[in-house]
Each structure stands twice: as structure tokens, then as C-alpha cells.
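This briefing concerns a predicted model of a single protein chain. Please examine the structure below before reading the notes on its core and its helices.

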Amino acid sequence: MTELKMSVSLFFTLLCGLNVCCGLKEILESYKVEFEQREVDESNGPVSGDSKESNGLVSGDSKESNGLVSDKCMRCICMVESRCNNNIGCRMDVGSLSCGPFQIKEAYWIDCGQPKGDYKTCANDYLCSYNCIQAYMARYIGHSGCPKNCESYARIHNGGPRGCTNPNTMGYWNKIKQQGCTIYS
């Protein structure tokens, strides 16, 4: 693990010495977070997926992430959005419907690739909406100018493709932190 960090660090140091890149600290921090998350995930081993309780609430966290956003970060987003209630349905929010445990809007669902072919069906299904968020983040994190971490993902979820740079999403991030998540989650 140390050799990999040194190689990445050396690579970016050389590039910056040639004035090819800037923001070395942010780039390295992004890689550090990604590598540390993978190391934690691998050390915990696979665990069975989420289970649903009879009241519609989702319980149990998988330690193994199915995408960019860790299961812990996804759980915090879910808790802030709906208390992870699969039966929440759709509600009006800022002039348009937000549906399901992650309170996904139709434009968000379109941007994530329109899984299941129907917005409300996907948004109200925990696994489909979970995968939609993963696809949305894969599409936008590289263009956001932000590191790959829970704060960026949560703020993009709340504020759209550049939400991680919008100061108006800091209140949402504070709610995510109250659920026990950190940038390293």
C-alpha cells in the first residue's frame, strides 16, 4: 500500500514539476481517500446485502460497496432523505417530485441512465435507486472539480452535478455528518 501511494505521489510531483497539473494536494487526497476506502472494504470482507424490515425501513449495512459511493455514505444519504423509508413514495420538493428512500427527482433518474424504464418504479425501489445514484456519481464526479469522497457525493446528490462546489449544499452535508458519516465514509 505504501509503495502505491509513493508511486502516485512521485508521478504527480513530476507532472507538477513540468507544470502539467495543479492542485496536487487535492488530487493526492482524492486518491488517498479512494485507496483507504478500498483497503477498509477489503479488510472487512463481503457481508450480505441490505435487508428490508416489514415497516418499509431498510436495515443492515453491507460493508462491500457496489460503486464509487460507499455503503456507509449511501446509508447516511438515505437516512437524511427519508429515514430510509421504502414506503415514503413521492413528495413535492422545490417545485418537482422527489421519490423513494433517496428522494430522487426525474431529471436525476434520466441522468443516471433511466434504469427500470420508469422513473417512479426505480426511485421507489431501494436497489434501483441505489444503483442510479452510483451511476449518477460515476457520470459527474470527474467533471465536478471535487475529490471522490462522501462529502462530494452527498453534496452532488443534493445540489446536482456541481453541487459539491455550491455553498448552499453545506447544510445538507452537515445533516449527513449528523448521521455519522465523514468525508472518509
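The largest nonpolar core of this predicted model comprises 36 residues, and those with the most contacts inside it are F102, I104, M137 and I176. At least two residues of this core come from each of α3 (71-82), α4 (106-111), α5 (119-123), α6 (126-144), α7 (150-159) and α8 (170-178). The greatest contribution is that of α6, with 9 residues. In soluble globular proteins, nonpolar side chains tend to be buried together.

- Buried residues of α6 include Y126, C132, I133, Y136, M137, Y140 and I141.
- The buried positions of α6 also include S129, Q134 and S144.
- Beyond its neighbours within four places in sequence, M137 contacts L68, V69, Y108, Y153, I156 and H157.

**Geometry and ends of α6**
- At 1.5 Å a residue, the 19 residues of α6 should span 27 Å, and the 26 Å between its end C-alpha atoms therefore agrees with this expectation.
- A kink of about 30° is centred on A138 in α6.
- At the start of α6, the backbone nitrogen of L127 lies within 3.3 Å of a side-chain oxygen of D125.

**The chain as a whole**
- The secondary structure consists of 8 helices and 4 strands, arranged along the sequence as α-α-β-β-α-β-β-α-α-α-α-α.
- The chain has 185 residues, of which 40% count as buried.
- Of the contacts between residues at least 6 apart in sequence, 45% join residues at least 24 apart.
- The chain exposes about 10000 Å², and carbon and sulfur atoms supply 53% of this area.

Note on methods: Residues numbered from 1 in each chain as written. Predicted model: local features only at pLDDT ≥ 70, side-chain atom pairs only at ≥ 80, totals over all residues. Heavy atoms only, no water. Core = buried A, V, L, I, M, F, W, Y, C linked by side-chain atoms within 4.5 Å. Buried < 20%, exposed > 50% of the residue type's maximum accessible area, 1.4 Å probe, protein only. Contact = heavy atoms within 4.5 Å. Expected span 1.5 Å × (residues − 1). Bend = angle between axes of the 7 residues up to and from the residue. Polar contact = N/O pair within 3.5 Å; in protein donor to acceptor, adjacent residues only side chain to side chain. Areas by Shrake-Rupley, 256 points an atom, 1.4 Å probe, with all protein chains shown as cover.
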